[in-house]
Each structure stands twice: as C-alpha cells, then as structure tokens.
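Hi,

Here is the structure I promised to pass on to you. Please have a look at it first, and then read my notes below.

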Amino acid sequence: MESSSTTRRQATRQKLYEAAVTLIAEKGFSATTVDEIAERAGVAKGTVYYNFKSKTELFEELLRHGVGLLTASLRSAAEETEGRGGTRVQALDAMIRAGLVFIDRYPAFTQLYVAELWRTNRAWQSTLLVVRQEAVAVVEEVLREGVKNGELSEEIDIQLTAAALVGMVLVAALDWQAFQPERSIDDVHSALSLLLHGRVSGR
C-alpha cells in the first residue's frame with residue numbers, strides 16, 4: 001500500500017504535469033518559465049525543484065507520463081477485445097477508439113507530443129524516441145498476431161503499418177479538434193474504422 005507522502009507527491013507531480021503541458025503548448029518550451037509552471041500549478045517554485053532537477057527533466061518526465069498513459073490505454077483496449085474473443089482487426093479498431101478517447105481527454109499533451117516528434121536536437125530526443133516506440137510496439141504486437149493467425153496479409157510491413165496507424169489517429173484527431181470540433185468521436189472513429197477495414201475504395 002502506498003504511503004500518504006507518496007500519494008501526495010504523485011498528486012503534486014500530476015499538477016505540475018498539467019500546468020507544464022498547457023503552458024508549453026501555449027508558449028513553447030523556451031518561453032515557459034519554472035515560475036509560471038509553479039504559479040499555474042498553485043505550488044511554490046521550490047516544489048518544482050523538489051520533484052524535478054530542472055525544467056528539462058520535468059518535460060522529459062511529462063513525455064514519459066503522457067505517452068505511458070496512451071500506451072496503457074492502447075494495451076488495455078487490445079486485451080479487452082482479446083478477452084471477449086474478438087479478432088485482431090477488432091482489437092486494432094478498439095485501439096483506434098482508445099487513442100481518440102485519450103487525445104480528446106488530453107488535447108494539449110497530444111499537440112505538444114506531435115510537435116516535438118518533428119523537432120531535432122532537443123535534450124529529450126532520446127526519451128521521446130523510446131516512449132514513442134513503446135506506444136507503437138503495442139500496435140506492432142497485435143499486427144504480428146494478426147499475420148500469424150492468418151487474419152492479416154503476410155505482405156504487410158509491420159513496423160511501417162503500426163507507425164501509420166498511430167500517426168493516422170494522432171493527425172486525424174488533431175484535425176478533428178482544430179477544424180471540425182462539431183464532429184463527434186463516433187464520427188471520427190467510424191471514418192478511421194473504414195480505413196482500417198479497407199472499405200474506402202468502394203470495391
């Protein structure tokens with residue numbers, strides 16, 4: 001059982017993550033100060049440095065935390081589908097929806113994550129690559145199982161297909177939120193589901 005001090009520290013870190021992600025999404029990493037993060041989180045500046053050695057470390061841990069939540073939600077969707085006796089394609093479909101739900105819940109983090117994927121020479125580049133691969137690996141695993149049991153073609157490139165599926169969800173969801181916010185999550189999921197099932201050509 002976790003101690004009350006551990007629980008408090010986790011709660012404080014969560015507040016710092018939430019403050020940092022909204023500020024950095026609004027202003028950028030360089031323009032965001034530790035003072036601003038502390039003020040937005042409602043804590044003393046010293047609390048930030050008690051939990052993280054630097055602003056860079058805070059951002060690295062924010063990336064680990066956020067992508068960790070996404071990875072867990074994808075894995076949970078796949079496992080729940082398997083538990084119901086569903087197919088691997090159904091598991092991928094459930095993972096698409098889980099990804100959309102995550103992005104809808106954490107839009108600022110998603111914007112930040114996608115932006116950072118395209119930047120180079122960042123101190124946290126290696127961390128970003130590791131956590132990205134952890135998320136993509138969950139999709140790769142389901143694809144491999146689908147190929148193994150004959151549901152999916154042996155011709156597919158598993159690495160590229162997994163990356164394409166994750167990228168499709170990220171970009172479609174950001175487009176949905178920025179340009180088509182009136183659409184429901186069901187609308188977006190249905191459109192991506194058609195792509196997954198290869199029913200776009202009309203054949």
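Before anything else, a word on burial: a residue is called buried when its relative accessible area is under 20%, exposed when that area is over 50%, and partly exposed in between (1.4 Å probe, protein chains only). You are looking at a predicted model, in which local features need pLDDT of at least 70 and side-chain atom pairs count only at pLDDT 80 or more, while totals for chains, interfaces and linings use all residues. Residues are numbered from 1 along each chain as its sequence is written, and side-chain values use heavy atoms, with hydrogens and water left out.

Leaving aside residues up to four places away in sequence, Phe-102 touches Gly-66, Leu-69, Leu-70, Ser-73, Phe-109 and Thr-110; contact here means heavy atoms within 4.5 Å. Val-67 is 35 residues from Phe-102 in sequence, and their C-alpha atoms are 10 Å apart in space.

Now the overall picture. The chain has nine helices and zero strands. Its C-alpha trace spans about 60 × 40 × 35 Å along the principal axes. Of its 203 residues, 39% count as buried. Among contacts with a separation of 6 or more, 64% come from residues 24 or more positions apart.

Next, the aromatic rings. Rings of Phe, Tyr and Trp (its six-membered ring) pair if their centres lie within 6.5 Å; planes under 30 degrees apart count as stacked, over 60 as edge-to-face and the rest as tilted. The structure holds five such pairs. One of them is the tilted pair of Tyr-17 and Phe-52, with 5.9 Å between centres and 50 degrees between the planes. Tyr-17 lies in helix H1 (residues 4–27) and Phe-52 in the loop between helix H3 (45–51) and helix H4 (55–83), so this pair ties together parts that are 35 residues apart in sequence. Both partners count as buried, Tyr-17 at 7% relative accessibility and Phe-52 at 1%.

Phe-109 and Tyr-113 form a stacked pair, 6.1 Å centre to centre with 5 degrees between the planes. They sit four residues apart in helix H6 (residues 107–117), about one turn of the helix. Phe-109 is buried at 7% relative accessibility, and Tyr-113 is buried at 4%. Together with Phe-102 and Tyr-106, Phe-109 and Tyr-113 form one aromatic cluster.

What sits over the ring of Phe-29? The charged end of Lys-55 does, 4.4 Å from the ring centre; for this, NZ of Lys or CZ of Arg must be within 6 Å of the ring centre and within 35 degrees of the ring normal.

Finally, how do H1 and H4 cross? Their axes come within 10 Å and cross at roughly 100 degrees (axes are lines fitted to C-alpha atoms, for helices over the stretch in contact, with angles from 0 to 180 degrees between N-to-C directions). H1 and H4 are therefore roughly perpendicular to each other, a label used for 65 to 115 degrees. On the H1 side the contact includes Tyr-17, Ala-20 and Ile-24, and on the H4 side Leu-58, Phe-59 and His-65 are among the residues involved.

Best wishes

Definitions and conventions: Helix = DSSP H or I, 4+ residues; strand = E, 2+ residues; numbered from the N terminus. Parallel < 35°, antiparallel > 145°, perpendicular 65-115°, else oblique.
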